[in-house]
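Subject: Structure handover

Hello,

Please find the structure below, followed by notes on what turned up in it.

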Amino acid sequence: MYEMPDKKGHFGPYGGIFVAETLMPAVTELNEAYQHYMKDPDFIAELDADLKHYVGRPSPLYFAERWSKELGGAQIYLKREDLNHTGAHKVNNTVGQALLAKRMGKTRIIAETGAGQHGVATATVAARLGLECIVYMGAVDVERQAQNVYRMKLLGATVVPVESGSRTLKDALNEALRDWVTNIDNTFYIIGTVAGPHPYPAMVRDFQTIIGREVKQQCQEMTGQLPDTLVACVGGGSNAIGLFYPFINDASVKMYGVEAAGDGVETGRHSAPLCAGRTGVLHGNRTYLMADDDGEIIETHSISAGLDYPGVGPEHAWLKDIGRAEYVNITDAEALKGFHALTRLEGIIPALESSHAMAYTAKLAPTMKRNEIIIVNLSGRGDKDMQTIAQAEGIEL
Amino acid sequence: MSRLKIQFDALAATGRKALIPFITAGDPNPEFTVPMMHAMVDAGADVIELGVPFSDPMADGPIIQRASERALAHHIGLRKVLVMASEFRQKDKQTPVVLMGYLNPIEIMGYEEFANAAQQAEIDGVITVDLPPEEARECVELLKARDIDPVFLSAPNSSSERIKKINTFGSGYLYYVSVKGITGAGHLDTKNVEKKLAEIRENTQLPIGVGFGIKNAETAKTIATLAEGVVVGSAFISKIEENLGNPEKAKTDIVELIKSMRQAMDS
């Protein structure tokens, strides 16, 4: 029986709590609240009601028939997280954490964001609950995701462009941690992925496992069996762990996490710490990350802002080491091909992040038998990426 | 016995308090650091905290962040900082040097290799901002076995339970972060510091160094009446930043600020 993390938040050697002393009381308080409310029937009922009526769950499992036929192998099903309110899986977690913030009496919400999906999902729930919301976003990302910045502002959030370091997601996280340390008494930090100090990796996972739990039931109903293979993209890894986790004890189910290879892992310009990184400590947890010999964090590259992060959730590090999940990578160019395939064959425009999972599925499916089933997490919709894709393909909008 | 213990004992014997300046190694350039360290000692510093540049300094305000970025532009990492520390030690056998930084450079080097290298460079203490006692056992044991003091931080919101835990793992001195927030920020509330230090002393015999928010001779003097050590960082680094075109001027300004603090603390 797989049971992770331990009481101190360790997944084997990974995870843990690596934060400045000022944050320790906040992390402890959060952990106590999380342990308490996850067992509180009132809280769970409120969360379930919100997921159903506000997020629009359950999200469909969709049989991609034309795409499966075209690839000529396994039958491909898409978990339609793109159909959630706000257009991605991120909202599953922000709804949960915001309810927790409310119960803890916190009045101010902060968040970091890369692609802007988590920022939008946070600003959305903050608006609904009437909480002040500040979103930190790397200045580079502010530029490439202008539409999401505008959405957050419309929702009443303050978006703070972060100009330090590489001006991307990792720097936004640093800045959010600095805010939290300064405003610890009234502030709840909604981390968007399965990283950070304990309890975040476990808590965000628990809020995202709704994906895998639904898939398990839907797959049974539609096909009468367990899937053979699960595929999801991995930046921090929240949509992937949400899909994988309920299947961890089903040994026959293979799992593939797809990292962003950017220009190609061999070029060094990528965001694939599990495939080509080393273990270290960043943002509150021990995990695989991209660092040089001095331990300085290396700047990452990916066409997808949501995958442009030098670390990865500690549970993925553990699943890699024990061989339960396999981690692979897809370049920017391959992701774009995956993007077009799904768009043209199924009439579904995937996010660039999810397109990495699509591209790997396109490699995998033809190697599998026709009676085998792949479930791929369509973690978000691609509307936010029109500008980036047009630019990458030399088209002026 | 570690140099930190010797130094704090000697100061206590004469009723003086430790002035502990912090600078980031390699800022504004690698040649600046070692002569600056000597000059700080000549001006009245008792212990030197030497910042190890890190790409993601999560607990630092903009001033020390920029210091890190300037040093990293010269590719100054942990190994080169250790070289600077040994160079300093060749001429100064007494003044304790405490490395201050983040865990990842030490993780990547490996705890044992780091402990050996720090011993070789005659480092006296190590402050690792993002390594709380809960995760520190292995690293602390390796350091203590080599007479290097692991110095831990405590904060205004640290409970007495936590102070006890910090006291079990830490040695050399206990670093009290005087404001909830990042380096260089906030307004120092000396009444609160006084109250909290009394509480902390119930759970530790270690000398206490107070940092964050001390900017001039006046605040240094006030803190010196409350604690065994006064830690000042951003105020010195601001001088470097104000004189990026003229590091010699930065050095003179820092020396003068240290002298004024020393004088105020001793009067």
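Two strands are taken to pair if DSSP finds at least two bridges between them. Helices (H or I, at least four residues) and strands (E, at least two) are DSSP runs, numbered from the N terminus. This is a predicted model, in which local features need pLDDT of at least 70 and side-chain atom pairs count only at pLDDT 80 or more, while totals for chains, interfaces and linings use all residues. Residues are numbered from 1 along each chain as its sequence is written, chains are lettered from A in the order in which they are written, and side-chain values use heavy atoms, with hydrogens and water left out.

The sheet in chain B

Chain B holds an open sheet of 9 strands with parallel pairing, in the order β5-β4-β3-β2-β1-β9-β8-β7-β6. At its edges are β5 (149-151) and β6 (153-154) of chain B, each of which pairs on one side only.

With strand β3 (residues 97-101) of chain B, β2(B) pairs in the parallel sense over 4 bridges. Here B:Val97 is the bridge partner of B:Ile48, and B:Leu99 stands opposite B:Leu50.

Strand β1 (residues 18-24) of chain B runs parallel to β2(B) and is joined to it by 3 bridges. In this pair B:Phe22 stands opposite B:Glu49.

The interface of chains A and B

In contact (heavy atoms within 4.5 Å) are 37 residues of chain A and 38 residues of chain B. The two chains bury about 2,900 Å² between them, 49% of it on carbon and sulfur atoms; this is the accessible area (1.4 Å probe) lost on being put together, summed over both.

There are 4 salt bridges between the chains, counted where a side-chain nitrogen of Lys or Arg is within 4 Å of a carboxyl oxygen of Asp or Glu. B:Glu107 and A:Arg286 meet in a salt bridge at 2.6 Å, N to O. On the side of chain A that touches chain B, α8(A) gives the most, with 8 residues.

Regards
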